[in-house]
Amino acid sequence: MATAVLAVLVPAGSAGAATQTVRTAAAAVRPAVVDITTTLAGGQGSAAGTGMVLSSSGLVLTNNHVIEGAATIKARDVGNGRTYTATVVGYDRTDDVAVLRLTGASGLRTMRFSRTPARLGQTVVAVGNAYGRGGTPVAVSGRVTALGRTITASDEGVEEVLRGVVQTDAAIVPGDSGGPLVNLAGQVLGMDTAGGKGPSGSAGFAVPIARAMLIEAQIVAGRSSATVHVGPSAMLGIGVVDGRRSGALVQQVTKGGPAAAAGISVGDTVTWVAGHAVSGVGALGRIMSTLSPGTSVSVRWVDAHGSSHSARATLAVGAPQ
């Protein structure tokens, strides 16, 4: 079983009361937490994270990077101990937000949200599936150390720029992503998204909950945009890395997939998809997140010998981008 780590700075003589307050906040929020585990498409392994229950019928808020590339998603509801299959309702790569639906869920405990945003110096508690170990969610406490930060976060070598995030010295670790950052009343202030070590110790970052819930409302309403994808994800059927100069270098081609049908091979570099230049892996992901399965798109690529090619490909259903 995971053990809560409590480290609150308090006046002398009040440590016991403060620790109890943190424990109370963590206990209040845990029943509305889910532990998320995924298997990655193409046999690329597995991943783990955390989610927050939004509705008794199983809507869950988490980070996009928690479910990115997932072939299957399972979520264990801490409140009732049951494990559900989850489907992706939609996601926003830019703000790292995703909404899931738990199949067959009912009567779930839900999160409570703060009506006021986080403030500097405020004591906060981060709760999550630390290191993907499952069991009782781990709680760590700290203070809000900065607001409106812009950071570059890295997950498995893929970088993303996040703007306007809340910074805390609570020790957010892998597996906590998608979990709640709460005040001492157990009300959500933000969604844990990234963590690391800074010059003065731990640095954790959370998407403000007001922004995350605006995106959630857009997704649930079915309103796609340049940054929000709703519904099944489109797949070209290639595994890529950044090209040497530009483009997306193909390292894997799915047998029978759209790219294979178009004639794309391992060692080719994709330079153009659906009317947009592909400068690298990130650009290709952003393009694909705006497209739907069944769409016929133009694709351009350069083979290993430097010859240019083009064809049309009909996109298939794939993993979240």
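**Exercise 1. Which residues does V66 touch, not counting residues up to four places away in sequence?**

Before we start, a word on the model: it is predicted, so local features need pLDDT of at least 70 and side-chain atom pairs count only at pLDDT 80 or more, while totals for chains, interfaces and linings use all residues. Residues are numbered from 1 along each chain as its sequence is written, and side-chain values use heavy atoms, with hydrogens and water left out.

*Solution.* Start by placing V66: helix α2 (residues 64-67) holds it. Helices here are DSSP runs of H or I with at least four residues, strands are runs of E with at least two, and both are numbered from the N terminus. Next, list the contacts, meaning heavy atoms within 4.5 Å: I36, T38, G49 and S177. Finally, check burial (under 20% relative accessible area is buried, over 50% exposed, partly exposed in between; 1.4 Å probe, protein chains only). V66 has a relative accessible area of 4%, so V66 is buried.

**Exercise 2. Find where T38 lies, and decide whether T38 is buried or exposed.**

*Solution.* First, T38 belongs to strand β1 (residues 33-40). Second, its relative accessibility is 3%, and therefore T38 counts as buried. Third, its contacts beyond four places in sequence include V66, I67 and A70.
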